Amino acid sequence: MIAGRIIKEHQFPKRTTPRLRGRPSPKKQIELPDETLIHILSFLRLQDLLHCRALNRRIHNIIKNSIVLKFRIELAHAALEELWQPIEYKVNLKTTIERLDSLRKLQFGWRNLAWRARHLVSLDHPKGSLYELSSGIFFTGKKRRLGVARTQEIVLQELPSLECPSPPSKAELNCHVAISQVCVSIPQDLLVLLEESRSNQGGSIRDNKLIFKLHLHSLASNLPHPEATNPILEYDCMSTWMSYSFVMQIMGNSLGVLFTSGVLGDSDYERFVVWDWTTSEKRGMVSMPGSRYDSFSFISEDTFVIPCARTETINVFLFRPTPPPDHPDRGPAIHHLCALKFPALNPLNGYKYLTISCQSQPSPETQSAYHSSNPLPRPKKLFTPDQLDGIVQFTATLSSGTRTTDLIVVTHRRALMSFVISGQNDLGDPLAEPWESYPMMPAKTWGPDITFPFWRAISRCMISPFTYIENAQWHSQVFGHRLVQLVHPTNNHTNASPTRSGQIRVLDFNPLFINRPPLFPEDYHPFIQSTVTRRMVTDVGFIPKGDIWMDDIQSGLPYYEATTVETFALAGVMMDEERIIGLKTGTPRSQDIVALEVFVI
């Protein structure tokens, strides 16, 4: 009987009848070669590429075994971008395996502060007052001549690099301009020189107004920049002060200059002006009477922040879209989007915010190369920080009589942009109706309570010993998603004379790095463990209320910290993609840098 038979799998009858009419026949799948799939997958973002591993086993194995995709994943985890067209084309001959090896060595060096080379670069022009670091080149003003108030010559000193085995080169530029401030954008071959004209110097005084001139030069030729419609931008002001400070920054085609008169909060003139340096058109101006501006930073092409010590706020500004010719003007070109309050101070003990500065480097800009036959130093690098994942550091100096301290607030550029995006949605169409005034957000509202996919909070607050005003800009510096500090011995009194020695500390705020294991097997080498102390800070920071603060300060932005055990005789520190630059001065209170100690990571 059929019921009693044991029917095996191969004994089932096969269908021999044709399929039903109207039912489509299965199409044969086209299998792409692995090389084609790797090329397609290399264009995906990190999250999409990681999600593709769950599609099927073949895609998973391709992503797991492909050197190209491994390189892309590790590059994204490091928050870096690759320079496919470096300034010197010979650097681009490296294979993907060599680039992956260079990337891993770079990450290992930053995790453990393990530099592969250490150089001492002496400066034979220690009397210069201008200092600028851009793309591996250190710009300084040459020694001033007797009877000359401002220097007219700039020295370009190339810093040592592993990619450049030859000795670092140096070039001198005679700009024929009395330089008060300098700003550089090497990818755009742009050198901006600010000339301050005063009456006692025989400068340009027009209708009782002080004239400032911005000279737009080409680094390659030391001539007016060919892309600038007007190579000299002018700005005039009415002020009784004869002492001015300037902050300049370039972001793409935007050139921002902050003019501030007076010192230590005593000022009657603050203006922030933005030009399009290619067309010479003034994009807008910010002026808040009674405020004290110390610095600013571009967040995007149309967004910037200006901290203010008198109002105790971080002010976020946004450029309005340019209306068409047939639309009426709906307000100023720059809109005050919001004001983020700093932690409130205890009024009983007389503390007040003295200054608030901000740093965010490098500025978002297009990457291009310039070519010239002149023997100018040229940057040689393989990677550059991802601009969207950079951090912004705000350093607030608090004072009450002889007691002084610093409050450091760190946040992500992407987090600040979230206020811009949400603010634009609330403001509506700027061409249809005027935008309303800015809201004021308390510190406990914008600081610890906002969550994002990659980080738990948008700020981290830290108390730091006060560094005297003259060299405050050397105490710490931001580059990309890292913050480097010179940590002085803890036994120093708050306002005692500073020592020219300290430990080097690097804080990494890359959220993708925080989510990965911070240490790898090679990081546990006994030599590494004896030269650096490391820790991962993921808990919520807590600064209690008391003599200084009105309320408790909580912040939860996680970071990875590495500190050297060795103490270095340095006055300050700077940083770029692959170096830590220690600054050496002749005397403790001197502003003149006599040498650079370069640690190549």
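Strand β14 (residues 270–276) and strand β15 pair in the antiparallel sense over 5 bridges. Strands here are DSSP runs of E with at least two residues, helices are DSSP runs of H or I with at least four residues, and both are numbered from the N terminus. Two strands count as paired if DSSP finds at least two bridges between them. Within this pair, the bridge partner of Phe272 is Val286 in β15, and Trp275 stands opposite Lys282 in β15. The hairpin of β14 and β15 has 4 residues between the strands, and Ser280 there takes a positive phi near 65°.

The model is a predicted one, in which local features need pLDDT of at least 70 and side-chain atom pairs count only at pLDDT 80 or more, while totals for chains, interfaces and linings use all residues. Residues are numbered from 1 along each chain as its sequence is written, and side-chain values use heavy atoms, with hydrogens and water left out.

Strand β3 is joined to strand β4 (residues 137–141) by 4 bridges, and the two run antiparallel. One of the bridge pairs links Ser134 with Ile137 in β4.

The helices come next. Two packed helices are described by the angle between their axes and the distance between the axes. Axes are lines fitted to C-alpha atoms, for helices over the stretch in contact, and angles run from 0 to 180 degrees between N-to-C directions. The axes of helix α3 (residues 57–65) and helix α4 (residues 67–77) come within 5 Å and cross at roughly 75°. These two helices are therefore roughly perpendicular to each other, a label for angles of 65 to 115 degrees, whereas angles under 35 count as roughly parallel, over 145 as roughly antiparallel and the rest as oblique. In terms of contact (heavy atoms within 4.5 Å), Ile62, Ile63, Lys64 and Asn65 in α3 meet Ile67, Leu69, Lys70 and Ile73 in α4. The residues of this contact divide into 5 nonpolar, 1 polar and 2 charged. Nonpolar covers Ala, Val, Leu, Ile, Met, Phe, Trp, Tyr, Cys and Pro, charged covers Asp, Glu, Lys and Arg, and the others, Gly among them, are polar.

Helix α3 also packs with helix α1 (residues 34–41), at an angle of about 75° and with the axes 11 Å apart. That makes α1 roughly perpendicular to α3. Asp34, Leu37, Ile38 and Leu41 in α1 meet Arg58, Ile59, Ile62 and Ile63 in α3. By class, this contact has 6 nonpolar, no polar and 2 charged residues.

Buried residues (under 20% relative accessible area, with exposed over 50% and partly exposed in between, for a 1.4 Å probe and protein chains only) in α5 include Arg99, Leu103 and Trp110. Just after α5, Leu113 takes a positive phi of about 50°.

Most residues other than glycine have a negative phi, and most peptide bonds are trans. Ala79 has a positive phi of about 55° although it is not a glycine. Ala79 lies in the loop between α4 and β1 (80–82) and counts as buried, at 2% relative accessibility. Asn222 likewise has a positive phi, near 60°, and is placed in the loop between β10 (209–218) and β11 (232–237).

Over the protein chain as a whole, the secondary structure comes to 9 helices and 35 strands. Buried residues make up 52% of the 601 residues.
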